[in-house]
Every structure is written in C-alpha cells, then in structure tokens.
Amino acid sequence: MIELKHISKIYEGANRVEALKDISLTIEQGQIYGIIGQSGAGKSTLIRCINMLEVPTSGNVIIDGTDLTTLNEKQLREERKYIGMIFQHFNLLSSRTVYDNVAFPLELQGMSKAEIKERILPILDIVKLSDRLDNYPSQLSGGQKQRVGIARALASNPKVLLCDEATSALDPQTTKSILELLKDINQKLNLTIVLITHEMQVIREICDRVAVIEGGVILEEGTVVDVFTNP
Ligand code: ADP
Ligand code: ADP
C-alpha cells in the first residue's frame with residue numbers, strides 16, 4: 001500500500017539539516033504502522049513525505065501503485081484525497097461547528113450539500129459525535145476535538161490515515177479511547193494507518209509493526225513483539 005524507497009530529505013538553509021537519510025520501508029494494506037523516535041529524529045518529516053506535504057530531496061513515495069514524486073500539482077491534489085491526516089493540536093476551524101469542520105474538505109472538492117450530508121452523518125456516528133454537530137471546537141474536550149479531526153480525515157474516504165502525534169496532547173484515559181477508535185476504524189474500514197509518536201505505550205497498544213528512527217535513519221524495523229522483546 002505504501003512504499004518508501006530511498007527517501008532522503010535535506011533542509012537547505014543557514015544550517016543544512018539532513019533530516020532523513022536513505023529511508024526505505026513498506027507498509028501493507030490494513031496495517032497499523034508505528035514510527036517511534038525522540039524529538040528531532042525525523043518522524044514528522046517522514047510522515048509528511050508520505051503525503052508530499054514535504055517533498056523528499058530524493059527517493060520515491062509509492063501509494064497504491066502510484067509514485068507521488070512523479071506527479072504534477074493537479075495530479076497530486078487528486079491523489080492526496082486518498083490520504084487523510086490528523087494532528088497533535090487538531091487543526092480545527094474555530095469559527096465552524098463540528099458538522100461544518102467535517103464538511104469543509106468536501107465543500108472544497110465541490111461536493112453538493114446533500115451528498116456531503118449523506119457522506120458525513122454516518123462518519124460522525126462512528127466517531128460518536130452525532131449529538132455534538134452544532135457545537136464549536138471551544139465547546140469540546142480534547143478527545144472530542146480529535147474525534148472531529150478523525151471524522152474530517154475520514155470524510156474523503158481515504159485509503160491511508162496519517163496520525164501526527166495524534167494523542168500527544170491528550171491525557172492517558174483519552175489517549176486510550178482515541179487509540180481504541182483508531183483500531184475500530186482500522187478494522188471496520190480496512191484502513192491503513194501510519195502513526196508517529198514518541199510514546200512507546202501508543203505503539204504497544206495498537207501497532208502491528210514499528211520502525212524505530214533516530215538521526216534520520218531506521219535503527220530497527222519489525223513486528224512490535226520482535227522489536228520490543230529484548231533478546
Ligand atoms: P521529529 O518529528 O522526530 O521531532 P522532525 O522531522 O521534525 O523530527 O525534524 C528532523 C530534523 O529536521 C531536526 O533536526 C529538525 O530541526 C529539522 N527540521 C525539521 N523541519 C525543518 C525545516 N522546515 N527547516 C529546517 N530544518 C528542519
Ligand atoms: P451554509 O453553508 O449555507 O451556511 P449550513 O452550513 O448551515 O449552510 O448547512 C449546509 C448543509 O449541511 C445543509 O444542507 C444542512 O442540512 C446540513 N447541516 C448543517 N448543520 C447540520 C447538522 N447539525 N445536522 C445535520 N445537517 C446539518
């Protein structure tokens with residue numbers, strides 16, 4: 001489903017940073033794949049390369065057979081519809097209700113109001129926000145805000161969901177409920193999930209496979225059991 005081939009990323013600037021050094025990995029359809037490492041390891045750069053928010057300096061990003069690095073802007077916009085993303089700080093629009101936050105990306109795609117409603121009401125049900133449609137983000141808890149983020153990502157029917165430290169701003173209890181929701185979505189929708197985190201517990205809780213990254217290179221890669229069981 002996702003193939004990263006020899007990805008390197010150099011940030012040019014006053015001080016040149018080689019954030020990723022020849023990273024290759026394969027993520028299968030339906031997997032929950034974790035990328036763990038300390039701050040500055042390159043996790044965020046790596047996950048942003050998967051949807052080309054960050055353009056790799058070299059290497060290939062192949063999603064479902066399409067090499068994103070060969071596409072023009074228009075083709076890339078089209079492919080990005082199939083890659084959802086959620087964020088540590090949720091990135092919701094504070095002036096829009098729950099319903100309108102989730103509807104927003106579909107409005108941008110030019111979908112009709114009736115189609116949008118038909119698409120997103122079942123999703124808002126999956127994330128258990130059906131009784132919160134008219135609330136504004138400021139009226140929601142952190143966990144509820146992240147569920148809006150998840151619903152917004154799911155609204156475009158993605159094949160892949162990228163999670164950028166999605167539980168790092170949440171307390172342990174709420175983290176657990178969000179991870180359970182992600183697992184549920186993974187199984188119900190057979191959705192491939194890639195998440196980055198600095199928290200071992202998150203990986204242990206839901207991931208099938210894990211890559212440990214440090215200094216822009218993969219130190220270890222394998223099943224969670226293999227990587228975290230001491231020899
Ligand atoms: P992590 O997500 O693991 O904390 P990042 O991918 O954010 O790691 O950062 C990896 C390295 O790249 C760090 O040294 C960071 O300072 C650097 N870096 C990240 N983004 C930029 C940028 N836009 N410009 C320059 N350097 C950057
Ligand atoms: P506008 O974009 O003109 O301000 P709205 O955002 O109020 O319109 O509504 C757009 C569509 O979304 C309407 O068809 C409406 O039925 C639907 N909608 C908005 N809020 C809700 C809600 N809380 N529950 C169900 N449908 C809603």
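This is a predicted model: local features need pLDDT of at least 70, side-chain atom pairs count only at pLDDT 80 or more; totals for chains, interfaces and linings use all residues.

Trainee: Which residues make the contact between α3 and α4?

Mentor: On α3 they are V98, Y99, V102, A103, L106 and E107. The partners on α4 are I116, K117, R119, I120, L121 and L124. Each side has heavy atoms within 4.5 Å of the other, as a contact requires.

Trainee: How many residues of each class are in the contact of α3 with α4?

Mentor: There are nine nonpolar, no polar and three charged residues. E107, K117 and R119 are charged, because Glu, Lys and Arg count as such.

Trainee: What makes α3 roughly parallel to α5?

Mentor: The axes of α3 and helix α5, residues 142-154, cross at roughly 30 degrees. Angles under 35 degrees count as roughly parallel, so α3 and α5 receive that description. Their axes come within 8 Å, and this crossing, too, is right-handed.

Trainee: Which residues of α3 and α5 are in contact?

Mentor: V98, N101, V102 and P105 of α3 meet V148, A151 and R152 of α5. By class, five are nonpolar, one is polar and one is charged.

Trainee: What makes the pair formed by K113 and ligand 2 a polar contact?

Mentor: A polar side-chain atom of K113 lies 2.6 Å from an oxygen atom of ligand 2. The cut-off for a pair of N or O atoms is 3.5 Å, so this pair qualifies. The side chain of K117 also has an N or O atom 2.9 Å from an oxygen atom of ligand 2. For D134, a side-chain N or O atom is 2.7 Å from a nitrogen atom of that ligand. The residues around ligand 2 also include Y99, D100 and L133.

Trainee: Which atoms of Q38 and G40 lie by an oxygen atom of ligand 1?

Mentor: They are backbone N or O atoms, at 3.4 Å for Q38 and 2.7 Å for G40. A backbone N or O atom of A41 lies 3.1 Å from an oxygen atom of ligand 1. Among the other residues that surround this ligand are Y11, V17, K43 and T45.

Technical notes:
Residues are numbered from 1 along each chain as its sequence is written. Chains are lettered from A and ligands numbered from 1 in the order in which they are written. Side-chain values use heavy atoms; hydrogens and water are left out. Helices (H or I, at least four residues) and strands (E, at least two) are DSSP runs, numbered from the N terminus. Axes are lines fitted to C-alpha atoms, for helices over the stretch in contact, and angles run from 0 to 180 degrees between N-to-C directions. Angles under 35 degrees count as roughly parallel, over 145 as roughly antiparallel, 65 to 115 as roughly perpendicular and the rest as oblique. A crossing is left-handed if the near helix is turned anticlockwise from the far one by less than a right angle, and right-handed if clockwise. A residue is near a molecule or strand if one of its heavy atoms lies within 4 Å of it. A polar contact is a pair of N or O atoms within 3.5 Å; within protein, one must be able to donate a hydrogen and the other to accept it, and residues adjacent in sequence count only if both atoms are side-chain atoms.
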